[in-house]
Amino acid sequence: MKRYSAFAIAKEALGYHVGWERAWGNPEPKPEYEVVIVGAGGHGLATAYYLAKNHGITNVVVLEKGWLGGGNTGRNTTIIRSNYLQDPSAEIFELSRRLYEDLSQKLNFNIMFSPRGVLMLAQTEHELRAWERTAHANRLFGIESEMVTPERIKRIVPIINIEGPRYPVLGGLWQARGGTARHDAVAWGYARAASDLGVDIIQQCEVTGIDRDEHGVTGVRTSRGAIRCKKLCIVVAGHSGVLADMAGFRLPVESVPLQALVSEPIKPCIDCVVMANTVHGYMSQSDKGELVIGGGADGYNAYTQRGSFQHVEETVRALTETFPMISRLRMLRQWGGIVDMTGDRSPIISKTPVPGIFINCGWGTGGFKAIPGSGWAMAGLVAKGEDPVAGPFSLDRFTEGRMIDESVAAAVAH
Ligand SMILES: Cc1cc2nc3c(=O)[nH]c(=O)nc-3n(C[C@H](O)[C@H](O)[C@H](O)COP(=O)(O)OP(=O)(O)OC[C@H]3O[C@@H](n4cnc5c(N)ncnc54)[C@H](O)[C@@H]3O)c2cc1C
């Protein structure tokens, strides 16, 4: 595939840009593959890429019922950080954050990674103690994060009101190397690089059934015909329960809508990500100038990828005490995605009761930041049957009681 570079742009400019290739192929499905991956979100595409790149397994297809990156990957608010409490989480999220740092170079695709810093406010005494505990745990694990005072917070985010009458800012957990990336570009970059290594990516191809015999999985039925396979990866976020049902097992996962919104674009006014978990809201500013705002997940199970006015009102009301200037902004757009929540708020990267079927789900409200690390670990698990990073996130933790409790780190925090 032709590399993207300043030289290539200059050369194409002279030739009226007619020489660019398609970023990824559009093949017809073959009757059989070694590995079928269901779901062309970031996690499915990263799994395909690392299967090819790290393990030389290229007889792989990624099947997507809609369009590539059209699920949660293209709907999220792009916060990247690794300051989680428990060691297994810190390991996978830090692996991910590190991989993000030079992902643009590795994929030869500008994913616009912006390590602008992530600040998690403490607005109650309880929260202050919780973040102090997390900061100590991070330091023990070798992750750079630190507690900052209200005065330092005011210097980092001048538009903040630290003296709110109900919830004054008492401190914060600051991860300077956290930040954001461009969500579509992450999906597109992995798709282009995986396709270049020989992976087939097939959009508008819904998996409608899973075939198995007494030895395990044998293939999938799709809206474009049956496909046989030796291994099947289910990587469909909010639809994990639907696919597990097709395969004949159940998952400890609930599907819940999660919404976000952006304001009209304004001049640069906030150059980091701020999360206010007590009031349930968070905010950053996109490169286009919109304030990107999100809050907590909806309080009911559903499959509707929609926003609602109650949510906008609730989230913006929660944030205006801390950021009074947002009360004067108009809203530009709102939307929703369906997130897959586990009881301990940690993901599942695991073999399943059906031999040959692997599952990657349960990322809930916070899986964008994990895409590179999750793909890396999932590829290791699928290729070799085990992976040190994926190990703790196996399904049997729910029967053995080995929960990885991230309910504090993952509350509203994305
Ligand atoms: C509003 C919102 C804000 C968020 N903010 C953040 C954030 O700031 N930071 C963060 O880290 N995370 C965030 N998240 C979470 C993050 O977006 C997800 O955890 C992550 O994108 C999940 O990626 P995925 O590849 O697993 O799933 P998806 O991107 O949802 O991909 C799954 C794909 O599977 C496809 N599919 C489903 N069923 C089938 C089928 N039967 N056949 C074929 N294809 C199928 C879907 O069409 C979809 O494209 C947010 C999520 C939302 C909704």
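Before going on, note what you are viewing. This is a predicted model: local features need pLDDT of at least 70, side-chain atom pairs count only at pLDDT 80 or more, and totals for chains, interfaces and linings use all residues. Residues are numbered from 1 along each chain as its sequence is written.

**Stop 1: the whole chain**

Show the cartoon. The chain has 11 helices and 18 strands. Helices (H or I, at least four residues) and strands (E, at least two) are DSSP runs, numbered from the N terminus. The radius of gyration is 21 Å, close to the 22 Å that the globule rule gives for 414 residues, so the chain is as compact as a globular protein of that length. That radius is taken over C-alpha atoms, and the rule is 2.2 Å times the number of residues to the power 0.38. Along the principal axes, the C-alpha atoms fill a box of roughly 65 × 65 × 40 Å.

**Stop 2: where the domains touch**

Across the boundary, 29 residues of domain 1 are in contact with 28 residues of domain 2. Contact means that C-beta atoms, placed from the backbone, lie within 7 Å. On the domain 1 side, select strand S3 (79-80), helix H3 (87-101) and helix H8 (240-247); each gives two or more residues to the side that touches domain 2.

**Stop 3: the core**

Of the 414 residues, 50% count as buried. Buried means 20 or more other C-beta atoms within 10 Å of the residue's own, with C-beta atoms placed from the backbone. Now select Val 36 and Val 274. They have the most contacts inside the largest nonpolar core, which has 120 residues. Such a core is a set of buried Ala, Val, Leu, Ile, Met, Phe, Trp, Tyr and Cys residues joined through C-beta atoms within 7 Å. Zoom in on Val 36. Beyond residues up to four places away in sequence, Val 36 touches Val 61, Leu 63, Val 220, Ile 227, Cys 229 and Leu 232.

**Stop 4: a loop residue**

Is Phe 113 buried or exposed? Find Phe 113 in the loop between helix H4 (103-107) and strand S4 (118-122). Phe 113 is buried, because 21 other C-beta atoms lie within 10 Å. Leaving aside neighbours within four places in sequence, its contacts include Tyr 100, Leu 103 and Gly 179.

How values were computed:
Two residues are in contact if their C-beta atoms, placed from the backbone, lie within 7 Å. A residue is buried if 20 or more other C-beta atoms lie within 10 Å of its own, exposed if 12 or fewer, and partly exposed in between; C-beta atoms are placed from the backbone.
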